[in-house]
Amino acid sequence: MEAVSADERGPWRLALRRFLRNRLAVAFLGLFVLIVLFVLAAPLWAEHVAETGPNQTHTLQKLQVGDETREVVSPAGLPIGPQWFEAGGKFFLGADSRLGRDEMVRLMYGGRTSLFIGIVSGLITTIVATILGLLAGYYRGWVDSVIARVLDVIWSLPVLLFGIALGVSLAVGGLKIGPLELSGGSIWVPIFVICVFTVPYMARPLRGEVLALSEKEFVEAAVAQGAGPLRVMFAEILPNLASTIIVFFTLNIANNMLFEAALSFLGAGVQPPNSSWGSMISIGEELLTTQPLLAIIPGTMILLTVLALNIVGDGLRDALDPRSKVRLEAHAGTVEPEGASV
Amino acid sequence: MMGFIVRRLAGMAIVLFLVSVIVFLVFNVIPNSPPAQRLAGKNATPVLVKSIEEEWGFDKSLPQQYLTMMEKVFNGELTSYEPRLPVDEQIFERIPATLSLSIGAAVIWLFFGLLLGYLSALKPGGALDRVLTGVAVAGISIPVFLLAPVLLYFLTYKLEIFPSGGYTPLSEEPWEWFTHLILPWFTLAVLSIGFYSRVLRSNMIDVMNEDYVRTARAKGLSERKVMTRHVLRNSLIPIVTLFGLDFGATIAGTAIITESLYSIDGVGNYAAEAIAKLELPPIMGVTLYGAFFVVFVNAVVDIVYAYLDPRVRLGASAR
């Protein structure tokens, strides 16, 4: 019999096997992929089924359903309810408000915004936090002190409150730091706000890991061979952080999406004409008595996406390093990733 | 102990200063447009903008501007411009509603969080534990902006069990106050109930493996006494810190969304209305007072914690 020893398969393939054995995590990964496909299909649905855009109003339009004519917005200002396939997919989930915009189209485009902000801010947070963690953990001394103090101060702020403050302030005034220039309505404003306040939550645990890793023999060996600090940080220490970073990145996307939803719900995140699931809830909430789905459906989309990411993140953590206890600290209004481990 | 308190309060003063500087930067320096224009709001007349510019001294140096801002905030001169209303008065008259919401929610989350955590730690891995784990995960995962619409729609409009939104002061109608707040309390508490039950459960499981628990059993104490007197008590210490941090963070965080969802006219709702109008002075006031409150609560909690657990203050002085 031909025995293949564990080390010949390599750690990544082993991790993949462990992950695939976790049926719950695989199922929720599937759900996440479905959600991504759903929002990617937005232009197709908008063009071929709904035949309208996310911001196109249909205030005075009438809808032909069989022999019946229905008003998209009633004279009292109430939007039409879900039509499902009765009108050939038009107004599948009804209209959003007295403006008579197609809710389904808005849900798909809003999801694009929500996921885009979550993933991009997750990427930026991860990159910035990794660099800060490496610098602080490797150089120690004053570099570490400066970075740690700055992160501590941001950490001690109530996240949502300052997120709101910065979000609104930038939405009114825009931002200009060197070559980086953002106008108030840009979706990069919420991305910037989210990154500022989530970097410390990732950089602190990473710094701790770097501190521990730089004590290891392989770092000493690399230094003895004449490797410079950049080489040691990025070629020696960084690969050892890979599994932690992958897990943090996944969980961070979920946290960021909740943060974005909270900001946008209050009006301090995505600004009109852009919309996201969070801002859709705040529009839908005004019609809760007559059209409850307008608030509940985007809320459910957020719940499913965040739950899927948290469970996948937990599955990755178990698969990549069964002994590790890495976790992101929970902060106000966000999900404690650990909780998702069923 | 005295030394610890003095050190902790000095630390608090530094953080308060930094927080105020950050608020100043966020509102007056970082954005890329004339600050007077931003403060005045969208429909401001040039005359108003001009007068704000002079009032706030935006032509002076940044440290001077910072001092002017702090002076205005502490003298209660911060005003919103459309309509012209003093911000701190607006905030103070809404504090009772916000405290009613937050304290009630905290009582509920502590009670149910600890109860569920205790029950699931009695038999880790048992049927009850697994059910409660499911409940906790659901509680942690569901965002308030989904939970509130669902509860409001089904329990208020469909079944008419609870009155819809709004707030009645406790001093006027205690019963109305209570019924109006039940749903908001639970909405605000659900996340923490899930989280606290998980934390208590894992603390208790850790403590159960300690030697002194084995000793207590060996002495012949009843299982119930072992669990309550020894395991539960020692598992509660970390919860104290956690609670202090969360209470401040909740008031300055999720409570804003909850108030807005249930139209409770508290400080959070005041902020939410200002955000909707993109009106800066009220948000500046709420942020500053909110952050001060959180920093203060954290310092108090640290001091209480040091009092409860001598290792903390000794450890801190050794550092």
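Guide: Among contacts in chain B between residues at least 6 apart in sequence, 70% join residues at least 24 apart; two residues are in contact if their C-beta atoms, placed from the backbone, lie within 7 Å. This is a predicted model, where local features need pLDDT of at least 70, side-chain atom pairs count only at pLDDT 80 or more, and totals for chains, interfaces and linings use all residues. Residues are numbered from 1 along each chain as its sequence is written, while chains are lettered from A and ligands numbered from 1 in the order in which they are written.

Visitor: How many helices and strands does chain B have?
Guide: Chain B has 15 helices and two strands. Helices (H or I, at least four residues) and strands (E, at least two) are DSSP runs, numbered from the N terminus.

Visitor: What makes B:Glu82 partly exposed?
Guide: A residue is buried if 20 or more other C-beta atoms lie within 10 Å of its own, exposed if 12 or fewer, and partly exposed in between, with C-beta atoms placed from the backbone. B:Glu82 has 14 other C-beta atoms within 10 Å, so B:Glu82 is partly exposed. B:Glu82 sits in the loop between strand S1 (79-81) and strand S2 (84-86) of chain B. Not counting residues up to four places away in sequence, B:Glu82 touches B:Gly41, B:Asn43 and B:Glu279.

Visitor: Why is H5(A) called oblique to H8(A)?
Guide: The axes of helix H5 (residues 103-139) and helix H8 (residues 188-213) of chain A come within 6 Å and cross at roughly 40 degrees. Axes are lines fitted to C-alpha atoms, for helices over the stretch in contact, and angles run from 0 to 180 degrees between N-to-C directions. Angles under 35 degrees count as roughly parallel, over 145 as roughly antiparallel, 65 to 115 as roughly perpendicular and the rest as oblique. Therefore H5(A) is oblique to H8(A).

Visitor: Which residues have the most contacts inside the largest nonpolar core?
Guide: They are A:Ile164, A:Ala165, A:Leu266, B:Ala271 and B:Ile283, in a core of 170 residues. A nonpolar core is a set of buried Ala, Val, Leu, Ile, Met, Phe, Trp, Tyr and Cys residues joined through C-beta atoms within 7 Å. Leaving aside neighbours within four places in sequence, B:Ile283 is in contact with residues including A:Ile164, A:Ala165 and B:Ala271.

Visitor: How many residues does each chain bring to the contact?
Guide: Chain B brings 51 residues and chain A brings 47 residues.
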